[in-house]
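Hi,

Here is the structure I promised to send over.

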Amino acid sequence: MAAAPAALALAGCAREADGQPVTRPATARSSTLKQAAPFPVGAAVGADRLDDPAYAELLVRHFDQITPENEMKSWMILQEDGSSDFSHADKIAAFARRHGLRLFGHTLIYYQEDPAPFRRLVGDRTGFERLFRSYIGQVAGRYAGQAVGWDVVNEAVHDDGDRLRGGVFQEALGLDYIGLAFEAAREADPQAVLFLNDYKLERDATKRRTFLRLCEALLRDGVPLGGIGTQSHIDLDTDPAVIGPAMRELAGLGLPIHVSETDMGLYSARLDFRSERDRLEAQARMYGTLAEAFFALPERQRFAFSTWGVRDQDSWLRRPRTDGYHPRANPLLFDDAGAPKPAFDAVVGAWTR
Ligand code: G3I
């Protein structure tokens with residue numbers, strides 16, 4: 001059995017006198033992420049960062065797909081008075097067009113959101129459904145022909161894993177909201193691959209099975225579910241042995257798989273590490289395991305591998321008042337300055353061995 005990618009990646013590093021591996025200087029690296037990958041490599045982006053030349057250059061050099069982190073969510077688009085503001089989303093779509101990047105839409109329906117125009121219609125099923133269909137039609141329709149896919153419904157499975165979530169959409173329409181969302185998205189965009197997206201599907205077998213049962217039920221009902229998004233926000237105390245089997249189980253329906261939001265916070269688990277270097281190496285090993293599990297999928301099921309941000313400084317986990325926040329969470333493949341980290345070497349190593 002070949003050594004794990006992270007070990008290979010680190011084994012390729014120069015070594016200090018004490019035998020400890022050091023990170024290879026960025027210039028020594030020959031490959032970008034998208035050169036290493038035989039599938040699209042994506043990142044969540046913020047419209048407010050696209051004017052930063054260093055950010056934009058790094059993004060275009062390594063990635064060939066972008067996902068708006070927040071700009072296509074209802075809380076940013078749908079205004080209190082029912083009007084829509086697409087200015088932030090359009091800025092990201094224009095950047096994708098200008099640089100020849102795939103655009104992935106996130107997310108049409110998210111249980112966490114409770115927009116006033118919808119809230120006002122709870123109790124009026126006809127009126128609510130009319131707005132539900134027209135909102136999805138307006139958003140998905142606006143990017144039809146450009147968006148390669150959409151997270152149509154995000155996080156439908158409850159955190160305890162064995163039931164589906166509530167939220168204003170479920171409150172007004174019952175669980176039909178899920179199928180209705182996919183139908184409205186398909187009507188607005190006949191081409192985009194339509195995803196159901198969720199998190200903790202690697203380490204929580206109960207949640208993964210509930211998620212897959214929902215997918216099977218949707219497919220049985222003729223809902224145009226076209227892909228599975230596994231967010232892969234992975235804590236470093238996750239047993240790496242579960243990642244490959246979980247990926248294979250998610251791929252068992254034969255649908256395209258999008259690792260849609262991966263990041264791995266250095267302080268995401270109450271683990272004692274001797275040093276920051278040890279944390280970075282544990283992160284690299286976990287990224288290598290995930291990257292290898294995705295790479296091992298059948299080619300037709302490898303939709304894209306996306307990180308939830310570009311540089312560590314761009315991560316949601318570095319923003320105070322965020323669940324999981326830590327000032328040195330540093331969950332991504334590039335450090336604050338945009339230099340590749342051991343995790344980058346492990347991912348590239350998994351894809352180019
Ligand atoms: O922009 C305002 C700022 O002006 C204001 O001062 C500040 C006050 O807290 O809020 C800022 O907006 C925040 C926004 O992130 C930008 O940072 C919102 O409050 C906050 O709710 C929002 O959180 C986003 C979260 O989704 C909820 O939409 C995160 O950025 C985003 O990374 C996170 O992404 C989710 C995916 O959509 C689904 N999967 C999980 C993932 C992480 O939670």
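Glutamate 155 sits in the loop between β4 (147-154) and α8 (168-173), and its phi is positive, near 60 degrees, although it is not a glycine. For context, most peptide bonds are trans, and most residues other than glycine have a negative phi.

Before you read on: this is a predicted model, where local features need pLDDT of at least 70 and side-chain atom pairs count only at pLDDT 80 or more, while totals for chains, interfaces and linings use all residues. Numbering runs from 1 along each chain as its sequence is written, and side-chain values use heavy atoms, without hydrogens and water.

Now the ligand. It has 16 residues around it, the closest being Glu69, Lys73, His106, Glu261 and Arg319 (near means a heavy atom within 4 Å). By class, this shell holds four nonpolar, six polar and six charged residues (Ala, Val, Leu, Ile, Met, Phe, Trp, Tyr, Cys and Pro are nonpolar; Asp, Glu, Lys and Arg charged; the others, Gly among them, polar).

Which polar contacts does the ligand make (N or O pairs within 3.5 Å)? Among them:

- Lysine 73: a side-chain N or O atom is 2.6 Å from a ligand oxygen.
- Tryptophan 75: a polar side-chain atom is 3.2 Å from a ligand oxygen.
- Glutamate 261: a polar side-chain atom is 2.6 Å from a ligand nitrogen.

The protein buries 55% of the 790 Å² that the ligand exposes when taken alone (Shrake-Rupley areas, 1.4 Å probe).

Best wishes

How values were computed. Polar contact = N/O pair within 3.5 Å; in protein donor to acceptor, adjacent residues only side chain to side chain. Helix = DSSP H or I, 4+ residues; strand = E, 2+ residues; numbered from the N terminus.
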